[in-house]
Amino acid sequence: MQRVTRSSAVATMPAPPVSPSAPGFFTGGNPGGGTPATTPGFEWFNGVQEELIGLILRGGITASNADLAQVRKSLDRLFGGGLGSFSANTTLSVDDAGLVLVNASGGARTITLPAANALGGRPIRYQIEKTDSTANAVTVQRAGSDTIEGATSVVLSGQWASVTLVSDGVGAWVALSSGDQLPVGSILHFPGTTAPTGWLKANGALISRATFFNLWAVAQASGNLVPEAAWLAANGPIGAFSQGDGSTTFRIPDLRGEFIRGFDDGRGADAGRGIGTVQNGQLLSHGHAVSDVGHQHWSGVNNGGGGDYYGASAPANPTNSATARYSLIGGLTSNTSHLTSTQQTGITIANTGGAENRPRNIALLACIKF
């Protein structure tokens, strides 16, 4: 649509005439009664024309009589009313504003946004959804130096994973909502034996850098990437990523059967630990007191009996009345090294427990997002 182009048109919109009556509605008139049909004046046509032209221009569209869908396109741009389906790498235009369905069953796909200011300073809105159930990711990336939530891209990896993005009209995109908000590299536990779509078991597997390129990017930036040999060594840092074969693969953390402890990061509660490292079990140093109330143990030389004496009480009628030569063994502890083997007989502190130290727990499957 564009403004009227008839030869009788004028370059400047004339002022409307003084209205002789209150605003009303069109009527077809009554020829039999002598009432004429309502005839719109130039001022009414100019008003309708300018309302429609204003809407078209608001959507950043140049008015043209060669396109009769400009009002709809403008509304789609301004309010995200479009619907598009894509199965290949695509750079979106402002005319694609609205619901964008992406099928990545044929391989990973990249959707590039237009410049955030492409609509002349007005916001642009997209709801981008991944429609397939494959492991192929859909990467939504910025144009130029724009940002998306302060980053350069958003990755959708699960079926119907989605993100709603609105530009600020200047140089940034804001995520109003997302069905796939967890960043790549997130670790969660699931109550199942298989990893959900978009996740891998955190089982120390060696995986492809090309296939899981987003997770490989996270590994490189994590500060938690170690040589393969170090990862595989006894008590190696299996909570880290490894460099794999150095060219095509890398290894993910192995969290099977492990408890997670927060990285100390300078606090001092677990000083000296590197991120991703393994810490063996340990029992806090402690003692076991032994109570032997009402029970005495005596030791000495029984000159009257002709030999060493050990008993629960002092010997009767010791020769030479050498009672001082008999001493009370008191305050028994778990350390009985000061007693002879005979004295130690019957003094027992029994072992208890099993093969490991552990709290009460529930087994869940640890998975990492790719």
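This is a predicted model: local features need pLDDT of at least 70, side-chain atom pairs count only at pLDDT 80 or more; totals for chains, interfaces and linings use all residues.

Student: Okay, which residues form the nonpolar patch on the surface?
Tutor: The patch is formed by Phe-26, Trp-44, Phe-45, Val-48 and Leu-52, and together these residues have about 460 Å² of accessible area.

Student: Where does Val-48 lie?
Tutor: Val-48 lies in helix H1, which covers residues 42-58, and because its relative accessible area is 34%, Val-48 is described as partly exposed.

Student: And what about Trp-44, how exposed is that one?
Tutor: Trp-44 is partly exposed, with a relative accessible area of 40%, and Phe-45 is partly exposed too, with a value of 47%.

Student: Switching to aromatic pairs, how many are there?
Tutor: The count comes to seven aromatic pairs. One of them joins Trp-44 and Phe-45, whose ring centres are 5.3 Å apart and whose planes are at 85°, so this pair is edge-to-face.

Student: Why is that edge-to-face?
Tutor: Planes over 60 degrees apart count as edge-to-face, and the planes of Trp-44 and Phe-45 are at 85°, so the pair gets that label. Ring pairs also link Phe-26, Trp-44 and Phe-45 into a cluster.

Student: What kind of pair do Tyr-126 and Trp-173 make?
Tutor: Their ring centres are 5.8 Å apart and their planes are at 40°, so the pair of Tyr-126 and Trp-173 is tilted. Tyr-126 lies in strand E5 (residues 125-130) and Trp-173 in strand E10 (residues 172-178), so the pair ties together parts that are 47 residues apart in sequence.

Student: Are those two buried or exposed?
Tutor: Tyr-126 counts as buried at 0% relative accessibility, and Trp-173 is buried as well, with a relative accessible area of 1%.

Student: New topic, what lies over the face of Trp-231?
Tutor: That is Arg-251, which lies over the face of the Trp-231 ring at 5.0 Å from the ring centre.

Student: Last one, what is the phi of Glu-149?
Tutor: Glu-149 has a positive phi of about 55° although this residue is not a glycine, and Glu-149 is found in the loop between strand E7 (147-148) and strand E8 (153-156).

Student: And where is Asn-235?
Tutor: Asn-235 is in the loop between helix H4 (228-232) and strand E15 (241-242). Its phi is near 55°, a positive value in a residue other than glycine, and at 56% relative accessibility Asn-235 counts as exposed.

Note on methods. Residues are numbered from 1 along each chain as its sequence is written. Side-chain values use heavy atoms; hydrogens and water are left out. Patches are made of residues with over 30% relative accessible area and no salt bridge: like charges are joined within 9 Å, nonpolar side chains (Val, Leu, Ile, Met, Phe, Trp, Tyr) within 5 Å. Accessible areas come from the Shrake-Rupley method with a 1.4 Å probe; for residues, only the protein chains shown count as cover. A salt bridge is a side-chain nitrogen of Lys or Arg within 4 Å of a carboxyl oxygen of Asp or Glu. Helices (H or I, at least four residues) and strands (E, at least two) are DSSP runs, numbered from the N terminus. Buried means under 20% relative accessible area, exposed over 50%, partly exposed in between (1.4 Å probe, protein chains only). Rings of Phe, Tyr and Trp (its six-membered ring) pair if their centres lie within 6.5 Å; planes under 30 degrees apart count as stacked, over 60 as edge-to-face and the rest as tilted. A charge sits over a ring if NZ of Lys or CZ of Arg is within 6 Å of the ring centre and within 35 degrees of the ring normal.
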